[in-house]
Every structure is written in structure tokens, then in C-alpha cells.
Amino acid sequence: MIIGVPKEIKNNENRVALTPAGAIELTKRGHEVYVQATAGLGSGFPDADYEAAGAHILPTIEAVYAKAEMIVKVKEPIEPEYELIREGQLLFTYFHFASYEPLTNAMIKSKAVCLAYETVEMPDRSLPLLIPMSEVAGRMSIQEGAKFLEKPMGGRGVLLGGVPGVEPGRVLILGGGVVGTQAAKMAAGLGAQVTIMDISLNRLRHLSDIMPANVNTVYSNEFNIRRHMKEADLIVGAVLIPGAKAPHLITRDMLKEMKPGTVLVDVAVDQGGCIETCTPTTHEAPTFIIDDVVHYCVANMPGAVPYTSTIALTNATLPYAIQLADKGWKQACADNEPLKLGLNVVDGKVVYKGVADAFGLDYTPVDAML
Ligand SMILES: NC(=O)c1ccc[n+]([C@@H]2O[C@H](COP(=O)([O-])OP(=O)(O)OC[C@H]3O[C@@H](n4cnc5c(N)ncnc54)[C@H](O)[C@@H]3O)[C@@H](O)[C@H]2O)c1
């Protein structure tokens, strides 16, 4: 198969959908890989590394789209790319269709095959192509929180790990899923006193078993949150209710009860946030202060560490990309149920119910397209 890797053109997106390591795996199976010039540079992969891996470099995005049978990307196509997409072309990338109707309509019109990373789903309902980015964001939340706890950054001036003779900082983590678990590991590793809250007792049992002694598990309810937030130096919001907006576990009135200089990192901001006063921020201006409390609410945290994020993402996507290249999308999806669930729009038809429902469009069961 001919595989194309365009350079991401969305603002501040430095990730790339295929590394030179991935190019080796595809070319040694007899596939042809075409990478747009400088596509990997933002993640630390120069063109020469792709050429050494057997890929070809093309000068423009137009040339990549014109050549490829399968396009692998990171972000959803944006307006200038719509007209480059051809009927029957396979697109494997994050789409997040339900959040943007013009994209959905454009892909229906293109008659391309749109396989979305975010809806590839395992039998246990986990989302293998979203997990790596949650892992990155979870670990980063503590790194960012520690930085903004420094006095010149607006924080309390607390070193999370303390020093001999000085007690460590306190970290409260709301939500013990992928983000919360990775945050807890990082905070615990720095030596902080960590409390992690969840409403799933099974989740808390698991965390209690695997976490070190400086991590406590506490059931999540308003009483417990109010009690613990007063002592916290850093609070991480990592809650998710699938298919719904995040609940506001920290409301505006609670800020007054926190210590001045407390840092809030609301990782769940991309789902509306679990802290009422959080609104999305960017890496250029990541924080704002309300009632002496520092708010960090960057909606695309992994974007700040493109080297790590690209490798983490492609570790997860490449096995699927190889199946798609080896078998073609129809056979690969027929053989692999989780991958089949990634199909959202095929040949002008919406085959993912959530997307059809979001915009009142006709829904075609995916099996009818295979
Ligand atoms: N900002 C970013 O760059 C970025 C990156 C990756 C993920 N995220 C977001 O981070 C959030 C968490 O993702 P995840 O992968 O960890 O999800 P997850 O499903 O693995 O974990 C969510 C956890 O929240 C718990 N929960 C639900 N309601 C709760 C409540 N009232 N109190 C405490 N816990 C509660 C659930 O039981 C679950 O354990 C999501 O909104 C995700 O979109 C953001």
C-alpha cells in the first residue's frame, strides 16, 4: 500500500503520525511510505532519518495527499486539507467528529474512509489510542504543577518533595483513571504526600494495592474534597464520565477555603473541566489566577512534549496501521473488532452512531460497508 504522512498544519501541533521506526516496519513489509518534508522535525525526526528508513520525502502536502492510498495523521484534517482528500482514500487519525459538524460534512462529501483513533475500542471499553495521551498528560500534570508552585510562577513557593527537616507538599488528585494514576506515580516519586480520590471502590482498591506508602486513597464526595483541598498545595482534576461533561467537583466558592498560591491543574478541561473556574488555556499562556489560586488548564498538554508524545502515540497506532496496510481497511476491520469500531464515516455514510446522533444524520451500520 502507498502510505502518506503529511506535516500537521494545525496551530502549534508538532507531533507526527509516523516515526522513522514505523517507516522501517512498513517498508520492510513491501509498503511505500511518502513523508512530507519536515513533517517529523517538530518531534525531533529530520527528513534524512525517514529516508534512511526507506521512506520517500515529498515537498508539499498536496503531493502527499495525491500519492497516498492511506493517510496517517495526528489531528483531524482542517479546512485547507478538505479538498485534498479523495474518494476511497483511507484516513487514519484523531477526528473527534462529534465536536465539529463542518468536518463531519466535509468528510461525508469527500467519500473517503475515516477511521478515528479515538473510537478504536477494546472489549473492556478501554480506548487504546487515547490512553497514551492520558499517560503523557497525567505525568505532565505534576511536572507543570511543581513548576507553578514556585513563587515566581505565582504559586505558594513549595517544593513538592520537601527536604530533610521540612515536610513535603500535599497533592490531591481527583479521579484515579489513567491520568490520575500516572499523576499519583509522579507525585509519589517526587516524595509528595498524595491523596487520590475516585467514586469507583474497585479502582481505589487497585490503587491502594499498587501505590507506594505516600499515596492514600479516599472516596470522592463533596465532604472529603472540601476537607482535603484545604491542605493541598497542588490539586489535579482527572475525572471522566464517558460521553458526558465532567462534573464540577471544585466550585468557585471553594477557592476561598484553599491556601493562597495553591495550584489547580485541570487535565479534564478538554471535557469541560472538573473545576468550575477552569477555562481552556494554551501553552503560550497556560495559567491564570482567581482568588489567589493558580489555574493551569491547557487543553492539549501532550503538545508541549512532542518527542515523547509522538513515540507514545505511534507505539499504539503503528500495529493498527500495519494491519490496514497489509490487508486493506475492509479485511483489517472485518478481522479486528476494536479497529472496526474506529470507522466513523465511509463512502459518504456515517457509520458511527454517536456521530450520526450528534448532528441528526442518517446512520448506516458499519457491517453494511464491509
Ligand atoms: N488536557 C489534556 O491535554 C488531556 C490529555 C489527555 C486526557 N485528558 C482528559 O483527562 C480526563 C481523564 O482521562 P482518563 O484517561 O484518566 O480517564 P479514565 O476514564 O481513565 O479515568 C477517569 C476516572 O474518573 C473517575 N471519576 C468519575 N467521576 C468521579 C468523581 N465524581 N470523583 C472522582 N473520580 C471520578 C472514574 O471512576 C475514572 O476512574 C479526560 O477528561 C480526558 O479527556 C486531557
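**Close-up views of the predicted model**

**Figure 1. Burial and overall dimensions of the protein.** Of the 370 residues in the protein, 45% are buried. The model is predicted. Its secondary structure amounts to 13 helices and 15 strands. The radius of gyration is 22 Å, close to the 21 Å given by the globule rule for 370 residues, so the protein is as compact as a globular protein of that length. Along the principal axes, the C-alpha atoms occupy a box of roughly 60 × 45 × 35 Å. Among contacts with a separation of 6 or more, 63% come from residues 24 or more positions apart.

**Figure 2. Strand 5 and the strands paired with it.** Strand 5 covers residues 90-93. Strand 4 (residues 70-72) runs parallel to strand 5 and is joined to it by three bridges; here M70 has L90 as its bridge partner. Strand 6 (residues 113-116) also pairs with strand 5 in the parallel sense, over four bridges. In this pairing L90 stands opposite V113. Between strand 5 and strand 6 the chain passes through helix 5 (residues 101-110), and the β-α-β crossover is right-handed.

**Figure 3. The shell around the ligand.** There are 32 residues around the ligand, and S134, A137, G177, V179 and S220 come nearest. Helix 6 (131-148), helix 7 (178-190) and strand 8 (193-198) are the elements that give two or more residues to this shell. By residue type, the shell holds 20 nonpolar, nine polar and three charged residues.

Methods:
Residues are numbered from 1 along each chain as its sequence is written. This is a predicted model: local features need pLDDT of at least 70, side-chain atom pairs count only at pLDDT 80 or more; totals for chains, interfaces and linings use all residues. A residue is near a molecule or strand if its C-beta atom, placed from the backbone, lies within 6 Å of it. Ala, Val, Leu, Ile, Met, Phe, Trp, Tyr, Cys and Pro count as nonpolar, Asp, Glu, Lys and Arg as charged, and the others, Gly among them, as polar. A residue is buried if 20 or more other C-beta atoms lie within 10 Å of its own, exposed if 12 or fewer, and partly exposed in between; C-beta atoms are placed from the backbone. Two strands pair if DSSP finds at least two bridges between them. A crossover is right-handed if, with the strands pointing away from the viewer, the path from the first strand over the helix to the second runs clockwise. The radius of gyration is taken over C-alpha atoms; the globule rule is 2.2 Å times the number of residues to the power 0.38. Two residues are in contact if their C-beta atoms, placed from the backbone, lie within 7 Å.
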